[in-house]
Amino acid sequence: VEADNEMPPTSNMEMDFDFTFNVTPAADIELDLDLSAFGGTIKTKGDGTIHFKYNTKSDINILGDVELQKGSFMMSFANIINKKFELMPGGIVSFGGSLDDININVQAQYSTTASLSDLLGADNANSRQMPVKTFLKFNGNLSDPAAIDFAFEIPNATNDLKNLFYSTIDTTNLQKKTEQFFSLVMLGKFTSSDASPDINLENTGIGILTNTLSNFISQQLKV
C-alpha cells in the first residue's frame, strides 16, 4: 500500500470582520510602555470610538481616538524601582491603522518635596523643603515615543525664586531636564547643575534618555 503524500488543497475562503466599538468610562484601559530607559503601565478609563477591520488575507486595521480620563502610570526602572504617577485627564490614544501606528499624547505627574539647595545653592530661602511637581509627557508612537519631555513646577515659590529655578534647570536642555527628573523621582532631590558633564549625542529622544539615565546612575554609584 502506497502512502498518500498529497497535501490537502488550500482553502480560498476569505472572511471579513468589521466592528465599531464605543469605548465608555465603564471599561478599564491598560497600556504597556517599554522605552528602553524605563517602562511602565498606564491604567485609566476613556471615552471614544474605535473602528476595527480585519480580513483573513490582510492585516488588522484599527482607526479611532480615545480620550483618557484620570488614572495612573506605574513607572518601572529596570524592574527594581517602581514609582506611581498620576495620569492627567485629557490625554489621547490615536489608532492610525496598523498595530504599529498607535500614538499617545498623555501627561503624568509625580508630586514630592525637595530642597532647592543642591540646584541653587544653600542659602536660607533654598534650603527648606517645598512641594515640587514633576511632569512626564509622552507624545508619539506607543512603542517608541520619540517626543518625550519633562517639566517641573514649584507651586508655592515666589515669582523671583521660580524665575531663578527655571533659568538654572535649563528647560531648553533635554539632557539636563532628564537628569533632574530621574534625580527627583529616584532620590527625592535635585542634582547640582555641575554634577555631570554634557553628553555629546547626535541622536535625540530615546537615545538621550537611555544615555542620560546610564550616566546619571554611574555618577550616583560614585558618590
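Glutamate 86 is partly exposed, with a relative accessible area of 31%; on this scale, buried means under 20%, exposed over 50% and partly exposed in between, computed with a 1.4 Å probe on protein chains only. The structure is a predicted model, in which local features need pLDDT of at least 70 and side-chain atom pairs count only at pLDDT 80 or more, while totals for chains, interfaces and linings use all residues. Residues are numbered from 1 along each chain as its sequence is written, and side-chain values use heavy atoms, with hydrogens and water left out.

**Salt bridges**

- The whole structure contains three salt bridges, a salt bridge being a side-chain nitrogen of Lys or Arg within 4 Å of a carboxyl oxygen of Asp or Glu.
- Glutamate 86 takes part in one of them with lysine 70, at 3.9 Å from N to O.
- This pair links distant parts of the chain, since glutamate 86 belongs to strand β5 (residues 81–87) and lysine 70 to strand β4, 16 residues apart; helices (H or I, at least four residues) and strands (E, at least two) are DSSP runs, numbered from the N terminus.
- Lysine 70 counts as exposed, at 56% relative accessibility.
- Aspartate 28 and lysine 45 form another salt bridge, with their closest N and O atoms 2.5 Å apart.
- Because aspartate 28 lies in strand β2 and lysine 45 in strand β3, the pair ties together parts that are 17 residues apart in sequence.
- Aspartate 28 is exposed at 65% relative accessibility, whereas lysine 45 is partly exposed at 29%.
- Aspartate 149 forms a salt bridge with lysine 177, and the closest N and O atoms are 2.6 Å apart.
- Here strand β9 (residues 148–153), which holds aspartate 149, is linked to helix α4 (residues 174–187), which holds lysine 177.
- Aspartate 149 is partly exposed, with a relative accessible area of 30%, but lysine 177 is buried, at 7%.

**Strands β2 and β3**

- Strand β2 (residues 28–34) has a covered face made of Ile29, Leu31 and Leu33, and an uncovered face made of Asp28, Glu30, Asp32 and Asp34.
- Strands β2 and β3 (residues 39–55) pair in the antiparallel sense over seven bridges; two strands pair if DSSP finds at least two bridges between them.
- Within this pairing, threonine 41 of β3 is the bridge partner of aspartate 32.

**Aromatic rings**

- The structure holds twelve aromatic pairs, where rings of Phe, Tyr and Trp (its six-membered ring) pair if their centres lie within 6.5 Å, and planes under 30 degrees apart count as stacked, over 60 as edge-to-face and the rest as tilted.
- The rings of phenylalanine 73 and phenylalanine 138 are edge-to-face because their planes stand at 80°, with the centres 5.5 Å apart.
- Phenylalanine 73 is in strand β4 (residues 61–77) and phenylalanine 138 in strand β8, 65 residues apart; both residues are buried.
- One aromatic cluster consists of Phe73, Phe85, Tyr110, Phe138, Phe150, Phe181 and Phe182.

**Threonine 134**

- Threonine 134 lies in strand β8 (residues 129–141) and is buried, with a relative accessible area of 1%.
- Leaving aside neighbours within four places in sequence, threonine 134 has contacts (heavy atoms within 4.5 Å) with residues including Ala108, Tyr110, Phe152 and Phe181.

**Confidence**

- The protein chain averages a pLDDT of 77, and 74% of the residues score at least 70; pLDDT is the predictor's confidence in each residue, from 0 to 100.
- Over residues 197–208 the pLDDT stays under 50, and the model has 22 contacts beyond four places in sequence for this stretch.
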